[in-house]
Amino acid sequence: MKRRVAILISGRGSNMAALIDAAKLSDFPAEIAMVISNQPDAPGLVTASQSGVPTLTIESKRFGKDRAAFEAALQTALDQHKVELICLAGFMRLLTAEFVQRWYGRMLNIHPSLLPSFPGLEPQAQALRAGVKISGATVHFVIPETDAGPIVMQGAVPVADDDTPETLAARILAVEHRIYPDALRLVAGGGVRLEGDLCKAPANVAREDVLIAPGPVSPL
Ligand code: GRF
């Protein structure tokens with residue numbers, strides 16, 4: 001039985017689209033049951049509808065500061081659609097600790113940095129300011145702390161001296177579109193185990209690929 005997944009978005013929805021595409025494969029262990037946006041004008045809603053995925057808008061602005069009421073509406077929709085797993089994909093609304101704890105081990109997020117480095121806003125600009133030579137993206141289980149929680153999968157990219165936040169974001173985004181579907185496949189297929197704060201993937205042997213940046217360095 002495929003696990004039923006809801007994707008929560010607020011905007012463009014390119015990660016959502018990558019997840020929807022992957023879930024079309026017959027051997028994928030999850031199906032996208034619905035896409036929920038807290039923004040009525042999120043472009044991702046159109047993309048989802050065009051792919052035949054049911055969409056729902058629960059406009060967070062209507063609820064003002066009443067997070068509990070917003071999340072009650074969200075939970076009702078998730079229950080109605082028998083959702084088992086949530087993927088946050090550019091969902092720009094903070095969730096309460098209570099909601100997060102209710103979904104612990106069943107809610108994933110993607111963040112465009114190699115966590116625990118550069119949580120929060122503008123992680124690509126943070127990476128450039130820190131001068132790191134490698135950055136990337138992280139899929140993790142959601143915990144109450146923002147952009148933290150057991151790490152399921154990461155993908156790395158080199159950072160170039162002349163990168164801008166935009167060029168780095170584009171390079172990282174391409175990796176996001178690979179690892180989010182792979183991570184969901186792993187989680188929905190029962191391939192991970194939570195051990196305290198860590199996520200282990202017992203069947204996954206670490207590969208020997210290395211990424212060195214800048215490189216290769218030629219003799220002077
Ligand atoms: C992505 O970079 C994601 O990592 C971050 O927000 C962005 C959403 O982009 N959480 P999209 O809506 O998936 O195109």
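How far apart do the C-alpha centres of domain 1 and domain 2 lie? I looked this up and found 23 Å.

**Ground rules**

I am reading a predicted model, in which local features need pLDDT of at least 70 and side-chain atom pairs count only at pLDDT 80 or more, while totals for chains, interfaces and linings use all residues. Residues are numbered from 1 along each chain as its sequence is written, and side-chain values use heavy atoms, with hydrogens and water left out.

**Entry 1: the domains**

I noted the division of the protein into domain 1 (1-103) and domain 2 (111-140 + 149-220); such bounds come from an automatic or database domain assignment. To the contact between them, domain 1 gives 17 residues and domain 2 gives 10 residues, where contact means heavy atoms within 4.5 Å.

**Entry 2: the ligand**

Next I asked which residues surround the ligand. I listed R12, G13, S14, N15, G90, I110, H111, P112 and E176, counting a residue as near if one of its heavy atoms lies within 4 Å. Sorted by class, this shell has two nonpolar, five polar and two charged residues. For these classes, Ala, Val, Leu, Ile, Met, Phe, Trp, Tyr, Cys and Pro count as nonpolar, Asp, Glu, Lys and Arg as charged, and the others, Gly among them, as polar.

Why does the ligand lie between the two domains? Both domain 1 and domain 2 give residues to its shell, so that is where it lies.

I then checked polar contacts, meaning pairs of N or O atoms within 3.5 Å. An oxygen atom of the ligand is 2.8 Å from a backbone N or O atom of G13. For N15, a backbone N or O atom lies 2.9 Å from a ligand oxygen atom. I110 has a polar backbone atom 3.0 Å from a nitrogen atom of the ligand. On its own the ligand has 360 Å² of accessible area, and the protein covers 85% of that; the areas come from the Shrake-Rupley method with a 1.4 Å probe. The elements giving two or more residues to the shell are α1 (14-23) and β5 (107-111). Helices (H or I, at least four residues) and strands (E, at least two) are DSSP runs, numbered from the N terminus.

**Entry 3: helix α1**

Is α1 largely enclosed or open? Eight of its 10 residues are buried, so α1 is largely enclosed by the rest of the structure. Here buried means under 20% relative accessible area, exposed over 50%, and partly exposed in between (1.4 Å probe, protein chains only). I wrote down the buried ones: S14, N15, M16, A18, L19, I20, A22 and A23. They pack against β1 (3-9), β2 (30-37), α2 (43-50), β4 (85-88), β5 and α6 (165-188).

I found a cis peptide bond joining L115 and P116, with omega about 15 degrees. P116 sits in the loop between β5 and α5 (123-130). Another cis bond runs from A213 to P214, with omega near -5 degrees, and P214 is in the segment after β9 (198-200).

I also looked at phi. F118, which is not a glycine, has a positive phi of about 60 degrees, and E122, also not a glycine, has one of about 45 degrees. F118 is in the loop between β5 and α5, and E122 is found in that loop too. Buried or exposed? F118 is buried at 16% relative accessible area, whereas E122 counts as exposed at 56%.

Key:
A polar contact is a pair of N or O atoms within 3.5 Å; within protein, one must be able to donate a hydrogen and the other to accept it, and residues adjacent in sequence count only if both atoms are side-chain atoms.
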